[in-house]
Amino acid sequence: MSVAADATGPVMDRDEVDRALARLGAEYEAIESSLLALQDHAGRRLLEGAELTGITLERWNATEPAITLLWSYFDTYTAALRDARELRARRRFPTRQDLSELTDLLRGESVTVAGGASAHTQPSLTGPAKLSERLTLAALVSRMNDLYAQSLDMIVTADAVWSALPARIDLLAAELQRTRSLAHSVGVRPGEHPSGDDLESITRELSALRSQVVTDPLAFWRPGLGSSAPGGGRPDTERYDRAARALEEVRREIDAVLTVRQDAEQRLVRLRDVLSRADRTLTEARSARGEVLAKIAASEVPAVGGPPTALQEQLVLAADYRRHAQWHRLSPLLESLEREAEDELLRARESLTAVTAPLAVRAELRGRLDAYRAKVARHGMAEDPLLIERYDVARRMLWSAPCDLRAAEQAVLRYQQAAAEVLVPRQTEPRDHTGNPS
């Protein structure tokens, strides 16, 4: 057994050699396919042509020579496999010497690689620690696997970010442009409306975000927890999502302004109607107050306020905004006017109710007096002298002007009491067995 064979263990027999060559052949095909796929990967082509910055530039500066080294290793692997195949092909039945050489090629440290180019070789202060290294084919494949995984991870990660974010940013930018056009059509512009300033801010953010994504995609990558597979993780869309939410808020504001433009005239008509009703109600309250003061004595009647002149001025301003298509100013003004107009109508109604309260009390007393008189008449007691007297007193008070409500109420109560005293004995008078009064 040769020295090489002793270093690699027992010399392989013919069947072992053939199986090893078959396995290496299949391995070679897989490696070649993977390297060609890596070479043709869209992400790699983009990285080669891009102006990179930041962490992406740093990693690509390490990955690009790693890919070159990977192909160099593959060439070495190819040459070693070719040598082994040629040696095996010399004879159908290889000699002991042939088998020893094949064992050395297939199992021994039969390949030489440049040590200074190896990713696993740490350079010393004066240069590479080794000028060259001798490796087994298995060790060479392991080293290629490591370089391939690192290179593929970098390429797949960058490609995933480029596939996900720039297109979405462009779509959002297009939507931003449409929103900006709508905003200008309703007067929402920077410096004049908060939403106009927001649109400018979103525009700057999208422009900066796209530039950073294109030049440094790895800065927008979140690795997957516990994942060691190349490209394990997902693109970081936090800044994009924040810009999208901000644009959605502005779009809602613009939609509200557009709605104002469509409904402005109808809403102004409704506002005029509400304020007109409030004014009419206050006029009625003032008229009723004069009537109450003339007809009701000893009663505190609240004062009635004047028409809502401030709201009328704001209504004129709203109409002016509409004429000049200043929809962004009209929108908040209409909202506040609608609330205040409804409040003003409610106050006018409450004022009318408060002013006419004494008249309502007088009407209630009149109704109560007539109701008791009708009850007395049904029982045949309408001609009772006491009831007639007390009824006349109460009636004079309630139908005279000015009416003293307190005195009138006491007069009605006295009539009620007299009626009750007359009616109770009448209703409880004893009867004989035939049901007639005894």
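Helices and strands here are DSSP runs, a helix having at least four residues. The model is predicted.

**The coiled-coil span**

In an unreviewed entry, UniProt places the feature "coiled-coil region" at residues 247-281. In the model this span is 100% helix and 0% strand. Its end C-alpha atoms lie 46 Å apart.

**Two threonines**

T237 lies in the loop between β4 (233-235) and α8 (238-295). Buried means under 20% relative accessible area. T237 has 14% relative accessibility and therefore counts as buried. T281 has a relative accessible area of 12%, so T281 is buried too.

| Residue | Relative accessible area | Contacts beyond four places in sequence |
|---|---|---|
| T237 | 14% | L165 and R168 |
| T281 | 12% | L345, A348, R349 and L352 |

The partners of T237 are thus L165 and R168, once neighbours within four places in sequence are left aside; contact means heavy atoms within 4.5 Å. With residues up to four places away not counted, T281 touches L345, A348, R349 and L352.

**Helix α11**

Helix α11 covers residues 385-398, 14 residues in all. From first C-alpha to last, α11 reaches 20 Å. That is close to the 20 Å expected at 1.5 Å a residue. Which residues of α11 are buried? They are L387, Y391, A394 and L398. Seen down the axis of α11, these buried residues fall within an arc of 70 degrees, so they line one face of the helix. On the other side of α11, P385 and R396 are exposed.

The N-terminal end of α11 is capped by D384. A side-chain oxygen of D384 lies 3.1 Å from the backbone nitrogen of L386.

Strand β1 spans residues 111-114. V111 and V113 make up its covered face. T112 and A114 make up the uncovered one. In a regular strand, side chains alternate between the two faces of the sheet.

How many bridges join β1 to β2? There are four, and the two strands run antiparallel. Strand β2 covers residues 132-135. A114, on the uncovered face of β1, has S132 as its bridge partner in β2.

Note on methods: Residues are numbered from 1 along each chain as its sequence is written. This is a predicted model: local features need pLDDT of at least 70, side-chain atom pairs count only at pLDDT 80 or more; totals for chains, interfaces and linings use all residues. Side-chain values use heavy atoms; hydrogens and water are left out. UniProt positions are given in the numbering used here, feature names are shortened, and annotations may be inferred rather than shown by experiment. The expected span of a helix is 1.5 Å times one less than its number of residues. Buried means under 20% relative accessible area, exposed over 50%, partly exposed in between (1.4 Å probe, protein chains only). The arc is that of the directions from the helix axis to the C-beta atoms. A polar contact is a pair of N or O atoms within 3.5 Å; within protein, one must be able to donate a hydrogen and the other to accept it, and residues adjacent in sequence count only if both atoms are side-chain atoms. Two strands pair if DSSP finds at least two bridges between them.
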